[in-house]
Amino acid sequence: MRKRFFLFFMEAMLFWNGILRVYAASVQLGVRDRAVGMACGMIPVVNLIVLHSIIRTVSNEVVFETEKDRIDRERESLQICRTKYPLLLVHGVFFRDSNLLNYWGRIPRELERNGAVIYYGNHQSAASVPDSASELSARIRQIVAETGYEKVNIIAHSKGGLDCRYAVSLGGAAPLVASITTINTPHLGCGFADYLLEKIPDGVQKQIASTYNAALGKLGDEHPDFMAAVHDLTASRCRELSRAMEDAAPDHIYCQSVGSRLNRAADGKFPLNFTYSLVRYFDGPNDGLVAEPSFHWGEHYQFLTTNGKRGISHGDMVDLNRENIPGFDVREFYVQLVADLKQRGL
């Protein structure tokens, strides 16, 4: 009896020692993995099976990160992301720039390690395209005035791409911008947004907007406007905005775009696993929010996905979940994207 208790105790100690170590160090262990590990911690034999699975995930993470570190150390002296003009990273709708949880995940640190100088838009989470563009124009002027740089290179995700296009076309920021790269931006809008606005009762829309605006007001937004942001993402409104922006678009700014496809709903993190099928019904293959035809804009266009079932979601493109995706290294993608800007003299 005493021997069995001792073995049980030692097995439990082995399990919990391993669990605590990997829980503290791993980025790749998801909520589900962690929950299963905790739930099975006191079940003999099962806990060792679960621990083995967790260790395998963490081991793959260690191998991946070790190789990334080796590559970065070998090219450190090259400073391949040290562009002539600094980067301005512009977030999408319903998010804010935060020192506690970076919207761009692990991407900024990787870029800075390779020489990049980075600033952020610091604009409100939800507003109309013209209002967001006004904020971004002011932010660009501030960066130029305070740093001595003549211009900035903009990399903008989702609605941020529309905001930046408006800022340079109609907001007066064009002389201070060297390039714009839009990431999964709905240049043609989202057809499903038109449908939802038509079907959801006005009272419900107003309640949602009021709740959101109140919450984000407490987090720092001075004038959040949920409904203005949503309306400017509809296909009908984006067509109107595009016509206005194209008529006034400057020709001296290098413009390019990137888009991606999620191959199945199950691999989109919440809420993209729910919206994927809705967007597919109205707009076709998509990243969980934006359909493929809406991405293409500018002189150069890249379309990304992975082989197999997974694909690359709207959130994956800004490393929102800090996930190492087989077949797509998001951090290295941005390094090469910025290295190309440097090669162009930007």
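Author: Contact means heavy atoms within 4.5 Å. This is a predicted model, in which local features need pLDDT of at least 70 and side-chain atom pairs count only at pLDDT 80 or more, while totals for chains, interfaces and linings use all residues. Residues are numbered from 1 along each chain as its sequence is written, and side-chain values use heavy atoms, with hydrogens and water left out.

Reader: How many helices and strands does the protein chain have?
Author: Helices (H or I, at least four residues) and strands (E, at least two) are DSSP runs, numbered from the N terminus. For the protein chain, the secondary structure comes to 12 helices and 6 strands.

Reader: What share of the 346 residues counts as buried?
Author: Buried means under 20% relative accessible area, exposed over 50%, and partly exposed in between (1.4 Å probe, protein chains only). Of the 346 residues in the protein chain, the buried share is 49%.

Reader: How far apart are the end C-alpha atoms of helix H8?
Author: Helix H8 covers residues 202–219, which is 18 residues. The expected span is 1.5 Å times one less than the number of residues. For H8 this gives 26 Å, and the distance between its end C-alpha atoms agrees, at 26 Å.

Reader: What arc do the buried residues of H8 cover?
Author: The buried residues of H8 are Gln-205, Ala-209, Tyr-212 and Leu-216. They lie on the same side of H8, because the arc around the axis (taken from the directions from the helix axis to the C-beta atoms) is only 70°.

Reader: Which residues are exposed on the other side of H8, and which helices pack against its buried residues?
Author: On the other side, the exposed residues are Gly-203, Lys-206 and Lys-218. The helices that pack against the buried residues of H8 are H7 and H9 (226–231).

Reader: Within what arc do the buried residues of H5 fall?
Author: H5 runs over residues 129–147 and reaches 27 Å from its first C-alpha to its last. Its buried residues include Val-129, Leu-136, Ile-140 and Val-144. Seen down the axis, the buried residues line one face of H5, because they fall within an arc of 165°.

Reader: Which exposed residues does the face of H5 turned away from its buried side carry?
Author: The buried residues of H5 are covered by elements including strand E1 (87–90), strand E3 (152–157) and helix H10 (235–248). The face turned away from that buried side carries the exposed residues Ala-145 and Glu-146.
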